[in-house]
Amino acid sequence: MLLFLQALLSGTLTGGVYALAGIGMSLVFGVMNISNFAHGDLMMLGMYLAYFAFTLLHIDPYVSLVMIMPTAFLFGFLMEKVFINRVIHHPHQNQILLTIGLGLIMSNTALLAFTSDPKILTTSYSSSAFNLPGGIFLSVPLVISFLITCGITAILSLFLLKTSTGMALRATSQNREAAQLMGINVAKMSAIAFGIGTALAATAGALIAPTYYIHPLAGHSFLLKAFTICVLGGLGSVAGAGVGGLIIGVVEAMSSTYISSDWKDVVVFVLFLAVLLLRPQGLFGKKGEQS
Amino acid sequence: MKKKLVSLVAVALLAFPLLASAAPVKIGFINSITGKEAQIGENLTNGAAMAIEDLKAKGIQVDLVKEDDGGDPKNALAAYEKLVTRDGVIGVVGPYTSGCANVVASRADQYKVPLLVPAAAKEEITMKGYKNVFRLNAPANVYSSVLMKAVAPYKPKTIAYVYAATDFGVSTVKTAQENAAKMGLTEVANEKYQQGQPDYRSSLAKVKAANPDLVFLVSYDADAILLMRQAKEIGLSPKAFLGAGAGYTTAQFAQQTEISNLVISATQWTDDVNWPGAANFALRYKAKYGKEPSYHAACAYEAMRIMVLTASTTKSAVKLQAGLKAGVWNGIMGPVKFADYGGFTNQNNHPMLVQQISNGKYETVYPAQFSKKKLIYPFKR
């Protein structure tokens, strides 16, 4: 029982960060219908931003989010204006090649600039834990990350539901042409969506930095997770990505506890295939939405 | 004009073979310069480079052809084949990882070009009777046996294993299990993990629930730091953490004093060991590269030194094989001789060292004849 609760709680906390990475990718897909293969590398940039803010400016990684989010938003916004919008009406393979290329440029530039030595971000609370009654331990940095993720997701939902820009984003996501006919500047919406997606990726990177190691290729393992989460939750569905992230986090933790940590990827992907067989549109996706 | 050009070409053609015959001995070096193992690979690169410099200072010229395997056995094999067929090297040092070295070793007898493995630990590499495969470092079974010998006087009863699902991890744990059985230890947990994951807490919680006396760990690089952080988080506190090489023997790990203190690890080399030139090597390395050398750097240095010294007197692959087989050396890795014993062929019976971290510094604690400090047992947070 203790093991079960420990796995459930650590899995949920880790899943929260996965969810944030997945939400950013899902939003971009929803609004722009583009699979962003550079998403993992954008996370990696977030990790380095947090690392340098901490080592050079002595700003706590969680506080540095205040700087990282606008910087990453701007970076994503410009990246969309300069590169991505040129392929928005092109076939998927062109879009995929472009984002893979951008990702490779980012990760290899990081390799040259920061070398392949993994950097470790050690804060005063890096390996401390909350000791719950019954002998369950919750990692302090993970709990903080999880709370920040919840906060960001809530703000993002409010933004999407209540503001006019948010509604315009959702309208673009539902039907690009119709939105354009209604007078929405869809090009601007794409840039905003990509900016938000980038900000969320960088935030996820910065949140995971204090509990992980920072490496130019660190984003790659999260890219696959973000994809799985998006498809599992339903491509383009923000709520789906949130739930998908939590599911993957918990399933990973449970399978390490009850089977073997060696097998956790197998369990995750078997579950993933099962969901796709029964609900090809994903858990929260609408049928035939993305045609 | 045309005539001049022709005569120039003719002169060049005539001169080239002369140059070639006077050329320095050609040696290949396969290493993981990129990829997952790049950080440790850099230590090998630096160690080998220092050996080449030292030899040059003594007037021994060498033409070193470097190849990157990216930690992938497929690339390592391609690199070896390129080195022996296209570059015409007479000996090869490398590759770093066990997976790569094992694959390359299987082809060395086919091409009859000696391979000197500096730091790969998988036993199999020198257990197949290959004539052209030599290994400087001690194989994986010694990692676990020396660690267990060091803690044996304290009579631990139970052991748990936490290790990376790699060639090195699996083979080290396999021999550790054999050594543990000999010591009468009971295995209470066995957690194999995939590298690079952010969350090992569930596996560690399982280990904690089993309450072992010893926790035996095999991890590369930063995974070691991640695992120990999460072990501290969930309150895993056995009587001893035994780290078998790799990630537990880096300066980066030791510097994380909050989690690294009192962790015991096995290593091929330390800078406070009394082998000739070891301390001096560490000083020069630190001055040159601005960081502490890992044992990999020392292994690469000594392997490169032995390879070039032998090759420069023998000049051909066949004679090099005989030279390596017959020679004895004594340098920063202690006495070296490639011998056949206990199922191994051309294996240097290298005595491994046990070190314990004390306030961010590695201190040799076992065997007694090489160490100044005593082991601290049991482990305390």
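1. Start with one residue. Cys299(B) sits in helix α12 of chain B, which covers residues 295–314. The model is a predicted one.

2. Cys299(B) is buried. It has 29 other C-beta atoms within 10 Å, and the cut-off for a buried residue is 20 or more. Across chain B, buried residues account for 57% of the 381 residues.

3. What does Cys299(B) touch, leaving aside residues up to four places away in sequence? The partners are Gly47(B), Pro118(B), Ala119(B), Leu136(B), Asn137(B), Gln268(B), Trp269(B) and Met333(B). Asn75(B) gives a separate distance check. Cys299(B) and Asn75(B) are 224 residues apart in sequence, and their C-alpha atoms are 22 Å apart in space.

4. Now the overall fold. Chain B holds 13 helices and 15 strands. Its radius of gyration is 22 Å, close to the 21 Å from the globule rule for 381 residues, so chain B is as compact as a globular protein of that length. Along the principal axes, the C-alpha atoms fill a box of roughly 85 × 40 × 40 Å. Take the contacts in chain B between residues at least 6 apart in sequence: 71% of these join residues at least 24 apart.

5. Chain B is assigned two segmented domains. Domain 1 takes 25–138 + 275–348, and domain 2 takes 141–267 + 353–370. The centres of domain 1 and domain 2 of chain B, taken over C-alpha atoms, are separated by 27 Å.

6. The domain contact in chain B involves 14 residues of domain 1 and 14 residues of domain 2. On the domain 1 side, α2 (38–57) and α4 (98–111) of chain B are the elements giving two or more residues. The largest share, three residues, is from α4(B). By type, this side of domain 1 of chain B divides into four nonpolar, five polar and five charged residues.

7. Next, the contact between chains. Here 30 residues of chain B meet 28 residues of chain A. Which elements of chain B each supply at least two residues to the side that touches chain A? They are α2, β7 (186–193), α7 (201–210), α8 (221–233) and α10 (257–260) of chain B. The largest share comes from α8(B), with seven residues. The chain B side that touches chain A divides into twelve nonpolar, eight polar and ten charged residues.

8. One element to revisit is α2 of chain B. It gives two or more residues to the side of domain 1 that touches domain 2. It also supplies at least two residues to the side of chain B that touches chain A.

Terms used:
Residues numbered from 1 in each chain as written. Chains lettered and ligands numbered in written order. Predicted model: local features only at pLDDT ≥ 70, side-chain atom pairs only at ≥ 80, totals over all residues. Helix = DSSP H or I, 4+ residues; strand = E, 2+ residues; numbered from the N terminus. Rg over C-alpha atoms; globule rule 2.2 N^0.38 Å. Buried ≥ 20, exposed ≤ 12 C-beta atoms within 10 Å, placed from the backbone. Contact = placed C-beta atoms within 7 Å. Domains from an automatic or database assignment. Nonpolar A, V, L, I, M, F, W, Y, C, P; charged D, E, K, R; others polar.
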